[in-house]
Amino acid sequence: MSMPNPQPQPQSQPYQGQGQGPQGQPGPQPPQGQQPYQPQDFGQQQQHGGPATATATAPPPQPGPAPGGGYASPIPVTRTHLGHAIVSEWTKIRSVRSTVWTLGVMFVLVIGIGFLTAFALSGTDFVGMPLLAPGLFGLMLGQICIITLGVLVVTSEYGTGMIRTTMTACPKRGRVLIAKSLIFFLLAFVMTTVACSVTALINSVMLSGQKVPSYVSKVDAFKGSVENGELVASNSQWLGATVGAGLYVALLGLLALAVGALLRHSAGAITTMLGLVLLPLVMALFMLGETLEKAREVLMEYSPLNGLASLYRIPMSEDQSATGWPLLGILAAVTAAALIAAYAMLNRRDV
């Protein structure tokens, strides 16, 4: 019995590709009518380990981290400028209670005392002062409210720690100080000018028509204030008692803001400003000796209260023709110097 001899089966050769065989020899040619293998999908080709071809379709780009590994925020980035800081400071100053209270008390003091003074003087023939001068008495107290608000605009943020958030949102500290100064100055000037204008109208209505003695027209303080024997207010007096007084008090408030930025303490800055406004006049009143006469005149002439009184044509110095505008220029120069010092210190010190 013979056993069947198994026939050897031909071994299949691995596909080497067209034109290349082992050891650089030409590989077997595909049979006629059969096309060589062509990859149809990029992912399938990668799975089989084959090389990538130019005909593979690239996947769509997916959102991911920024080049270099940094965080890419989906929120569009906008370059900020001074206008953004001004809008921010306006939002803060109109949303805190201290602004409403200080400005409200200022209006009550200026208009209320002005009305009471005019009402008390309305029964006399001649009040002995220019027509709009009674408006000074209420403003002497009302200016303290503006000074207090100027200090609080800066120091309240230091007291609550909000200044760190402000400086983080706006790293350019000088821009923050400029925005605060612009917003506060415009607000203080407009509000004070409105209050002084209302008081001037009250005085003009209640005190006009006074019969003036003949010698009054020769006094320097009343030049241009007498027409047909009656007391009137000239254009320069109206300008000084409204716009001039508003500028003067607004500059005092701006100076208080600069002092607050330098001291960073509410009580200390308010005390410093009250001393600056009141102390020169109080010291001059107690300098009675002849040896102190020169110092008394200097303190009296350059005291802030004398500058404000001169705008109402009732100066406290010996120069009765003073209009107050030169002292307003000196106050503007001092305020500018204080703001420059506050700007430099704000950039040097830590918050």
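Trainee: Which description applies to N203, buried or exposed?

Mentor: The model is predicted, so local features need pLDDT of at least 70 and side-chain atom pairs count only at pLDDT 80 or more, while totals for chains, interfaces and linings use all residues. Residues are numbered from 1 along each chain as its sequence is written, and side-chain values use heavy atoms, with hydrogens and water left out. Buried means under 20% relative accessible area, exposed over 50%, and partly exposed in between (1.4 Å probe, protein chains only). Because its relative accessible area is 0%, N203 is buried.

Trainee: Which residues beyond its sequence neighbours is N203 in contact with?

Mentor: N203 lies in helix α6, residues 173-207; helices (H or I, at least four residues) and strands (E, at least two) are DSSP runs numbered from the N terminus. N203 and L131 are 72 residues apart in sequence, yet their C-alpha atoms are 6.8 Å apart. Contact means heavy atoms within 4.5 Å. Leaving aside neighbours within four places in sequence, the partners of N203 are G114, A118, L131, L132, P134, G135 and S208.

Trainee: How far apart are the end C-alpha atoms of residues 176-202?

Mentor: An unreviewed UniProt entry lists residues 176-202 among its "transmembrane region" spans; its positions are given in the numbering used here, feature names are shortened, and annotations may be inferred rather than shown by experiment. Residues 176-202 are 100% helix and 0% strand, and their end C-alpha atoms lie apart by 39 Å.

Trainee: Which residues are linked with E157 in a network of salt bridges?

Mentor: A salt bridge is a side-chain nitrogen of Lys or Arg within 4 Å of a carboxyl oxygen of Asp or Glu. K92 pairs with E157 at 2.9 Å between the closest N and O atoms; K92 lies in helix α2 and E157 in helix α4, so this pair ties together parts 65 residues apart in sequence. K180 of helix α6, 23 residues from E157, meets E157 at 2.5 Å, N to O, and both E157, at 6%, and K180, at 5%, are buried. The network links E157 with E89, K92 and K180.

Trainee: What is the relative accessibility of K211?

Mentor: K211 forms a salt bridge with E230, the closest N and O atoms being 3.3 Å apart. K211 lies in the loop between α6 and β1 and E230 in strand β2, so the pair ties together parts 19 residues apart in sequence. E230 is partly exposed at 29%, whereas K211 counts as exposed, at 55%.
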